[in-house]
Amino acid sequence: MSSSSTSALEIEIFQYTDAHQSDFIENLKEWVAVESNSVQPDLRKEVVRMMALAADRLAALGATVNLVNLGSHQLPDGQDLPLPPVILGELGKDPQNPTICFYGHVDVQPAKKEDGWNTDPYTLTEIDGNLYGRGATDNKGPVLAWINAMETFRALKLAMPVNFRFVIEGMEEVGSLGLENLLEEENQCFFSDVDYFVISDNLWLSNKKPALTYGSRGNACFFVEVECGSKDLHSGTFGGIIHEPLMDLITLLDSLVDPTGCIQIPGIYDSVAALREEERKLYKSIEFDLEEHKNNSGVKKFIFGTNEEILLHLWRYPSLSIHGIEGAFHEPGIKTVTPAKVIGKFSIRQVPHMDLLVVKQQVVEHLKAVFSKRNSPNKLKVSKPLGSKPWLADVNDLSYKAARRAIKTVFGEDPDFIRDGSTVPVARMFQTITQKSVMMLPIGAADDGEHSQNEKISRHNYIKGTKLFAAFFLEISKLHRHLHETSHTETNN
Ligand SMILES: C[C@H](N)C(=O)N[C@@H](Cc1c[nH]cn1)C(=O)O
Ligand SMILES: [Zn+2]
Ligand SMILES: [Zn+2]
């Protein structure tokens with residue numbers, strides 16, 4: 001549905017988008033077919049192949065594309081593995097136009113059919129209007145929707161209303177390794193004329209209602225390793241007479257959070273800003289369907305029972321999650337072994353004004369204290385392989401005004417203004433390094449299942465998302481030009 005204020009130009013663009021849905025979906029199918037999983041080192045070549053595909057698509061639009069080498073990183077076993085290159089692309093240098101830098105990533109989380117997918121994760125499959133496949137919403141679909149929008153202007157031979165810059169990476173799912181240095185190096189060069197950063201890598205709060213995101217949490221990832229010796233042992237021969245590493249580790253992991261979700265690490269909440277009454281009221285007033293959210297998760301009961309508590313704990317308080325144990329027997333069947341070394345993996349979502357160095361110190365001290373109570377002779381090692389800071393934006397930025405108008409035009413309603421519990425590490429990096437406006441403009445719905453089995457983006461969201469980006473180009477161009485003309489007139493007077 002379009003609002004009554006839709007211009008003739010927008011109608012032309014939207015009609016083109018509708019007429020080319022199949023082409024746009026074919027493009028997504030081609031991208032989803034690439035298993036660009038950045039988590040598993042043996043699939044790194046697929047990430048590199050994916051970067052080349054994305055670069056080709058941008059080049060086909062006439063963009064200048066630079067695949068920047070980021071060097072390599074060290075794997076836990078000490079081996080060096082090359083990082084995939086980052087795409088820095090640009091199209092347009094009209095000084096009258098605003099310059100928008102779009103960020104997206106084309107790496108994905110791991111997925112196997114056996115994990116419980118109904119369809120092959122790397123074959124984009126449409127069922128009842130949903131396009132299922134790994135990366136469909138996180139984040140290949142949104143990156144392509146942006147490209148589709150540009151392609152629409154090109155195909156219709158319309159003047160581009162904005163200058164484009166791109167940062168497309170292949171290591172987001174593992175914390176955007178190597179990206180921060182590149183942004184610092186390029187701050188006075190590639191990013192010097194950027195006016196606005198736009199990221200589309202998160203979800204709406206609702207399954208149906210569009211949203212604009214002004215904040216996201218950071219993340220600190222931890223490894224806690226317990227080792228008793230150099231080899232696994234027979235539990236009949238050694239069980240009962242040794243301090244088993246997995247028992248130590250389970251005690252350590254169990255000490256982290258209580259059943260009410262409260263993190264048990266001393267001092268962890270100390271720097272979290274106190275909740276002001278106006279803020280509490282704001283959270284109360286946000287439209288949020290708790291039952292819908294519960295259905296999306298597939299769990300029967302949440303820890304918290306009110307909208308306000310749920311949103312507070314997703315958006316503005318830290319949370320701790322346990323992700324897995326490396327070295328522990330996890331396959332079906334019985335194996336009566338005692339592993340020699342196990343590594344527990346957990347992360348703590350960060351909120352303003354937590355400090356990653358302080359958090360690390362608190363975690364290490366807490367784990368050491370719990371471990372020492374066990375009088376275990378085993379070796380304990382704690383490390384923080386990854387840390388990203390939280391991000392908060394100013395919703396008065398011009399980009400928010402433009403996006404709100406574009407959403408109204410394309411979806412016929414005003415967006416929810418939301419924060420997000422997950423992390424896009426680059427959001428805070430862009431903000432801190434460039435000091436420019438950063439906005440998250442999601443097109444995925446709350447039930448898209450990021451990181452989960454049966455990830456999808458709906459055809460509706462993918463196509464409307466394409467229209468939204470096109471409408472946004474027009475709106476930000478209008479508002480930016482108006483602002484600059486006004487300030488120019490004022491200066492001349
Ligand atoms: C929101 C985004 N699509 C995403 O999935 N981000 C990841 C990034 C991350 C954080 N720590 C490690 N990776 C996430 O929030 O888990
Ligand atoms: Zn993502
Ligand atoms: Zn992700």
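Glu173 is found in the loop between strand S8 (163-169) and helix H5 (179-186), where helices (H or I, at least four residues) and strands (E, at least two) are DSSP runs numbered from the N terminus. The model is a predicted one, in which local features need pLDDT of at least 70 and side-chain atom pairs count only at pLDDT 80 or more, while totals for chains, interfaces and linings use all residues. Residues are numbered from 1 along each chain as its sequence is written, chains are lettered from A and ligands numbered from 1 in the order in which they are written, and side-chain values use heavy atoms, with hydrogens and water left out.

With a relative accessible area of 14%, Glu173 is buried (buried means under 20% relative accessible area, exposed over 50%, and partly exposed in between, with a 1.4 Å probe and protein chains only). Not counting residues up to four places away in sequence, Glu173 touches Ser38, His105, Asp107, Val108, Gln109, Asp138 and His451, a contact being heavy atoms within 4.5 Å.

## The annotated binding site

An unreviewed UniProt entry lists Asp138, Glu173 and His451 under "binding site"; such positions are given in the numbering used here, feature names are shortened, and annotations may be inferred rather than shown by experiment. These residues are spread over 314 residues of sequence, yet they cluster in space, with a largest C-alpha distance of 9.6 Å.

His451 lies in the loop between strand S19 (437-440) and strand S20 (456-458), and at a relative accessible area of 41% His451 is partly exposed. The side chains of His451 and Glu173 are joined by a polar contact of 3.1 Å (a pair of N or O atoms within 3.5 Å; within protein, one must be able to donate a hydrogen and the other to accept it, and residues adjacent in sequence count only if both atoms are side-chain atoms).

## The zinc ions

The zinc ion (ligand 2) is coordinated at 1.9 to 2.6 Å by His105 (NE2), Asp138 (OD), Asp201 (OD) and Asp201 (OD), where donors are N, O and S atoms within 2.8 Å of the metal (3.2 Å for Na, K and Ca), and sites may look incomplete because water is not among the atoms. The zinc ion (ligand 2) and the zinc ion (ligand 3) are 3.4 Å apart, and Asp138 coordinates both. His105 lies in strand S5 (residues 99-105) and Asp138 in the loop between strand S7 (130-132) and helix H4 (140-155), so the pair ties together parts that are 33 residues apart in sequence. Both His105 and Asp138 are buried.
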